[in-house]
Each structure stands twice: as C-alpha cells, then as structure tokens.
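Have a look at the structure, then read on.

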Amino acid sequence: MKNIALIFAGGSGVRMNTKSRPKQFLELNGKPIIIYTIELFDNHPEVDAIVVVCIEKWIPFLNKMLKKFEINKVVRIVPGGVTSQDSIFRGLCEIESYINEEGDKDAVVMIHDGVRPLIIPDTISSNIAKVKECGSSITVIPATETFVVKCDDGSLHIPDRSNCVLARAPQSFKLTDILSVHRRSRQENNMNFVDSCSMMSYYGYKLGIVEGPVENIKITTPTDYFVFRAMVEVHENQQIFGIFG
C-alpha cells in the first residue's frame, strides 16, 4: 500500500497582496514556501510519492526548484483547475494514473496545502495510521475561541467550545474513496465544497481525526508569513542549541 502526498499549490494568493509571484512561491532564506512544505513529505520515510497541483505557468519554475533543493519523491506535476475542488480532482486523477502504472490499488492519499509548511513528521505518520485504522483522517486543532452559529430563525447558538475543533491539513483518505465522491459530486454538479472533509462528510463517510500542532497555519496573509518566518527561526535555534547542548 503506497502513501502518496497530494500538494495543492494552485492558488494565486490574492490576500497576500503580492504582485510578482503567488504566495506559495514567496521565499524565506532563499527557499520558496512550497519547497519547505514539499520537503516535509519528501523527507518522511513513510511517504512513497508526491504529486503537486500547480499554477500552469509556474510549473517550469517549480521543476527548477525541485532540482535545486534535491527533492526526490515528486512523480507528477499537474496544472490546476478553475477552482480548488477541480484542482484537487485533477491531482487525484493523476495519482490514480500513477497508481495504475505501479499496480497498487490501495493507496492512501494525503491532501495538503502547499502553503502549510509548519506540520511535523508525527502528523504525517498519524494521518497514515488513522486512514489504515478507519478509512480517513482529518488533522485538527482544538478551538481556542468561542464559536457563534447563526440559526435560520435569526437566533444565535453557542456550542460548547470543549467539543469543537478546527479542521487543518493534511486531510487523508483511501484514494478509491475520495475519487469516488469527487466523481459523484461532478455528476451531480455539486461543486461548492470548501474542502475534502466537507465533501466526504456530505456523502456519508465516517471521518477519523488526528490532533496536529497549533502552528500548522495556512499562509494566506502577510501576518501569517511573519509567523512562519518566526517559527523557522525558532526551529533553527533549536537545532543550534541541540548541537551544542
């Protein structure tokens, strides 16, 4: 059974207010954010292959960066679609094609945002284990603020925060399951799902959960970028103190 990462890097990053390049290709210390993310999966011993969905005109640049930073597990790069749902479907179809060539019908696919470079190896391992246990795995973090839900009658409902979690990534599934619901949603012209776990839940699949690190943020604004930069500096300092400690 192969474990394959599907890295979604198809967004243009409007909220980042960058004009020269999409947010996933912004650099920190000379390395694009997308490479920081891909490296986490490339270096993980349980990950067998990586497929990347990328803005079409940036594919040559991505290929150049993969060579520069010696990324070895990326087996396919596919152009993104009009929406994120369509882009992920394209990536899943590319994985299906790759799997058919490899003769492995029971692949686990981990769908991850290219601009979430702060996950940890344990999160990847836990996702793989949870999919093998119950068929799916949604990475979450505990809710630290109060939720207020607007009801149809205009009233407000406040759930118990201790029972609430926030969905993050990776969101991981058996390839056959996630492809099945994508194809069904396309047949039904149901193309407005915000993420994969919403789609799987809608079509009646049980969702397993894995608690991931709170710093597993999605870099969508300048503030997020500064948090990322600070976290990279913290990790670098930890390595230095580890060496000399």
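Two strands pair if DSSP finds at least two bridges between them; helices (H or I, at least four residues) and strands (E, at least two) are DSSP runs, numbered from the N terminus. The model is predicted, so local features need pLDDT of at least 70 and side-chain atom pairs count only at pLDDT 80 or more, while totals for chains, interfaces and linings use all residues. Residues are numbered from 1 along each chain as its sequence is written, and side-chain values use heavy atoms, with hydrogens and water left out.

Q: In what sense do E1 and E6 pair, and which residue stands opposite His112 of E6?
A: E1 and E6 share six bridges, and the sense is parallel. Opposite His112 you'll find Ile7.

Q: How many residues of strand E6 are buried?
A: Buried means under 20% relative accessible area, exposed over 50%, and partly exposed in between (1.4 Å probe, protein chains only). Val108, Met110 and His112 point one way from E6, while Val109, Ile111 and Asp113 point the other way, and all are buried. Strand E6 (residues 108-113) is largely enclosed by the rest of the structure, because the buried count is six of the six.

Q: Which residue forms a salt bridge with Asp113?
A: The rule here is a side-chain nitrogen of Lys or Arg within 4 Å of a carboxyl oxygen of Asp or Glu. The closest N and O atoms are 2.7 Å apart, and the partner is Arg116.

Q: How many salt bridges are there by this rule, and which residues link up with Asp86 in a network?
A: The count comes to eight salt bridges. In one of them, Arg90 and Asp86 have their closest N and O atoms 3.7 Å apart. These two are four residues apart in helix H3 (residues 84-102), so about one helical turn separates them. The network of salt bridges links Asp86 with Arg90 and Arg186.

Q: How many residues apart are Glu96 and Arg183?
A: The side chains of Glu96 and Arg183 meet in a salt bridge at 2.7 Å, N to O. The pair links distant parts of the chain, with Glu96 in helix H3 and Arg183 in helix H5 (residues 175-187), and the separation is 87 residues.

Q: Why is the pair of Phe25 and Trp58 stacked?
A: A pair of aromatic rings is described by the distance of the centres and the angle of the planes. Rings of Phe, Tyr and Trp (its six-membered ring) pair if their centres lie within 6.5 Å; planes under 30 degrees apart count as stacked, over 60 as edge-to-face and the rest as tilted. The structure holds eight aromatic pairs. Phe25 and Trp58 have ring centres 4.8 Å apart, and they're stacked because their planes sit at 15°.

Q: What is the angle between the planes of Tyr202 and Tyr203?
A: Tyr202 is exposed, with a relative accessible area of 53%, whereas Tyr203 counts as buried at 12%. Their rings form an edge-to-face pair, 4.9 Å centre to centre, with the planes at 85°.

Q: Which ring does the charged end of Lys31 sit over?
A: A charge sits over a ring if NZ of Lys or CZ of Arg is within 6 Å of the ring centre and within 35 degrees of the ring normal. The charged end of Lys31 is 4.6 Å from the centre of the ring of Tyr36.
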